[in-house]
Amino acid sequence: MPLNTTAAPPFLAVLVRGLLAGLIAGLLAGAFAYVAGEPHVEAAIAIEEAATHAEPAAGAHDHEDALVGRTGQRGGLFLATSLFGAAMGGLLATAYVLLSRRRRDDDGRSGLLLAGAALLGAVIVPFVKYPANPPAVGDPATINQRTVTYLLMVVLGLVAVWAGSLGYRSVGAQAPTWLRAAGATGGFLLVTAVSYVVMPSFQEVPADFPATLLWSFRLASLGTQVVLWTGIGLLFAALMHHERRRRAGTALPST
């Protein structure tokens with residue numbers, strides 16, 4: 001008898017694996033942020049406190065005691081990254097299910113592609129325009145504007161990735177690979193460049209803030225996101241590959 005066609009895993013099975021991959025990747029990202037980022041946060045807080053003490057009259061009303069101490073914040077770091085990772089893993093699983101309707105034979109590799117697209121569009125593109133800032137950097141009066149523009153930049157980054165995908169497909173399946181890659185690159189860069197030009201810029205880094213500390217913090221922040229999305233992509237792909245093989249085994253007819 002011929003083998004039965006292996007059906008695609010149900011949405012709930014894919015979602016659980018996405019949540020699990022995101023949770024584990026979030027814990028790994030939290031560990032990276034703790035090791036690579038916390039020392040720079042401490043140094044930036046020390047600079048902020050020194051500036052506050054130097055100008056007590058100006059800072060008396062602008063700085064209040066933190067509701068959560070540094071110990072609690074360090075513990076909350078792992079909670080935040082794990083919950084965020086689980087949420088992103090769930091979104092990736094949902095996108096994977098939608099994509100798998102076109103690719104029935106996929107063994108999880110689309111999860112890697114989706115995670116890479118999310119890293120590029122939702123993290124790297126916004127980071128270049130609006131890199132992360134440590135404590136003591138940024139005007140509190142513009143925090144709402146900066147938050148809105150950053151979220152809009154995330155959306156535009158994802159649009160840029162989508163434009164790159166359209167550019168890749170629009171060249172034609174019979175075209176050379178380099179030409180399709182050029183079409184994808186052109187579509188992505190076009191949207192990204194326009195976004196960088198039309199979106200406002202914020203120059204709020206104090207002139208006396210240590211440049212080494214600033215960029216060390218930013219690199220640690222970017223590295224945390226790279227660890228998160230790389231972990232989600234690799235873990236989800238591995239879990240889905242295992243699930244596909246398991247379902248293929250159970251689909252064998254009994255003799």
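## The overall layout

Start at the N terminus and walk along the protein chain: the elements run α-α-α-α-α-α-α. That makes 7 helices and 0 strands. Keep in mind that what you're looking at is a predicted model.

The protein chain has 255 residues, and 34% of them count as buried. Take the contacts between residues at least 6 apart in sequence: 84% of these join residues at least 24 apart.

## A look at helix α5

Helix α5 covers residues 143-170, which is 28 residues in total. From first C-alpha to last, α5 reaches 40 Å, close to the 40 Å expected at 1.5 Å a residue. After α5 comes Gly172, and its phi is positive, near 115°.

Several α5 residues are buried, among them Met153, Val154, Gly157, Ala160, Val161 and Gly164. In general, an α-helix has 3.6 residues a turn, so residues three or four places apart point the same way. The cover over the buried residues of α5 includes α4 (109-129) and α6 (177-198).

## The salt bridge

Searching the whole structure turns up 1 salt bridge. Here the side chains of Glu204 and Arg146 meet, at 3.3 Å from N to O. The pair ties together distant parts of the chain, 58 residues apart: Arg146 sits in helix α5, while Glu204 is in the loop between α6 and α7 (211-250).

Terms used: Residues are numbered from 1 along each chain as its sequence is written. This is a predicted model: local features need pLDDT of at least 70, side-chain atom pairs count only at pLDDT 80 or more; totals for chains, interfaces and linings use all residues. Side-chain values use heavy atoms; hydrogens and water are left out. Helices (H or I, at least four residues) and strands (E, at least two) are DSSP runs, numbered from the N terminus. Buried means under 20% relative accessible area, exposed over 50%, partly exposed in between (1.4 Å probe, protein chains only). Contact means heavy atoms within 4.5 Å. The expected span of a helix is 1.5 Å times one less than its number of residues. A salt bridge is a side-chain nitrogen of Lys or Arg within 4 Å of a carboxyl oxygen of Asp or Glu.
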